[in-house]
Amino acid sequence: MFLARTGGNIVYGGLRKSAFVSEFSLSLKSGFCTEIWGSSRNAPYTPDVMCNAMKPVIQSFFCFLILISCDKKNEKIVARNIDVEPILIKIGYYPTFHQPAETIINLKESYLIFYSPTSYSPMPPPPPNKEGKHSKEEEIEYNEFINERPKLNPFKISLTKSEVEEIKIISDSLKSEDFSDRNSTPAFDGMSTNIVVLYSNGNLVQMNPLNGPNEKQRHLYTEILNLLINKNTDKKDSIILQKIKEYR
């Protein structure tokens, strides 16, 4: 390789600087530095050396981009490095015309339990006719009614680290105005809800949005309801959970 100055332009191995930069940029984009310059130039300068020198720079650049991407994925977890955090959450789902249910989420030990807050007491069948029997239609309607309201089988499920972190992030978004019940209205139909959160500093907050939860309250109990639906394996509990979901 040699350098020379001709009329104010620097020459690299027989190529003017402007031509060298143009050829180098074009060849980098095409990805064939050695082939283009090696076959089309007879000058003593060999640009393939320059291409090889650029490879570590390009590789380092792409590694930098990958690291930035990983940092963004972990941003939520890093942002949660705080002293006070939720350790226990209890949510009650009380649909007007179907089975009530409650769930407790232990964020410290990463598990969730689902259970009924009341004893199972199915509605009795309608009174029989004068002959002491029910019509076929009445029997079908009653059986459908009972099938939509089965007895809840309590269960416990484990939560992954990412599931726990997601619940904590949603809970962290709750502010003082979300703990107020002043805008709540009596629930004549629909589904009432009750939310209790215990924090690591001993503070206990309770929310009773009834059937009018705000956006953040709804986000919290919906996220936990979706976990229950996705992880449940009991057919009867699936019916109860789907009915609760329909009340949303």
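**A colleague's note on this predicted model**

1. Let's start with how the chain folds back on itself. Among contacts in the protein chain between residues at least 6 apart in sequence, 60% join residues at least 24 apart. Please keep in mind that this is a predicted model. Its secondary structure comes to eight helices and nine strands, and buried residues make up 30% of the 248 residues in the chain.

2. Now for the nonpolar core. The largest one has 32 residues, and those with the most contacts inside it are Ile-89, Ile-167, Leu-220 and Ile-224. Helix α7 (residues 215-231) gives this core its largest share, seven residues. As background, nonpolar side chains in soluble globular proteins tend to be buried together.

3. Leaving aside its neighbours within four places in sequence, Ile-167 is in contact with Ile-89, Ile-105, Leu-107, Leu-159, Leu-220, Ile-224 and Leu-227.

4. Which residues of α6 are buried? They are Glu-163, Val-164, Glu-165, Ile-167, Lys-168, Ile-170 and Ser-171.

5. Ala-101 belongs to strand β5 (residues 101-106). Is Ala-101 buried or exposed? Ala-101 counts as buried because its relative accessibility is 0%, and the cut-off for buried is under 20%. Not counting residues up to four places away in sequence, Ala-101 touches Ile-91, Gly-92, Tyr-93, Tyr-94, Phe-114, Tyr-115, Pro-117, Leu-152 and Ile-244. The C-alpha atoms of Ala-101 and Pro-154 are separated by 9.5 Å, while the two residues are 53 residues apart along the chain.

6. Ser-110 deserves a quick check of its backbone. This serine sits in the loop between β5 and β6 (111-115), and its phi is near 60°, a positive value in a residue other than glycine. With a relative accessible area of 23%, Ser-110 is partly exposed.

7. The largest pocket has a volume of about 270 Å³. It is lined by 18 residues, and the closest to its centre are Gln-99, Pro-100, Ser-119, Tyr-120 and Ser-121. How many residues of the lining are nonpolar, polar and charged? The lining divides into ten nonpolar, six polar and two charged residues.

Conventions:
Residues are numbered from 1 along each chain as its sequence is written. This is a predicted model: local features need pLDDT of at least 70, side-chain atom pairs count only at pLDDT 80 or more; totals for chains, interfaces and linings use all residues. Side-chain values use heavy atoms; hydrogens and water are left out. On a 1 Å grid over the protein atoms alone, a cavity is a set of points where a 1.4 Å probe fits but cannot get out, and a pocket is an open set with protein on both sides within 12 Å along at least five of seven lines; lining residues have an atom within 4 Å of a point. Grid points are joined across faces, edges and corners, and a volume is the space filled by probe spheres set on the points. Ala, Val, Leu, Ile, Met, Phe, Trp, Tyr, Cys and Pro count as nonpolar, Asp, Glu, Lys and Arg as charged, and the others, Gly among them, as polar. Buried means under 20% relative accessible area, exposed over 50%, partly exposed in between (1.4 Å probe, protein chains only). Helices (H or I, at least four residues) and strands (E, at least two) are DSSP runs, numbered from the N terminus. A nonpolar core is a set of buried Ala, Val, Leu, Ile, Met, Phe, Trp, Tyr and Cys residues joined through side-chain atoms within 4.5 Å. Contact means heavy atoms within 4.5 Å.
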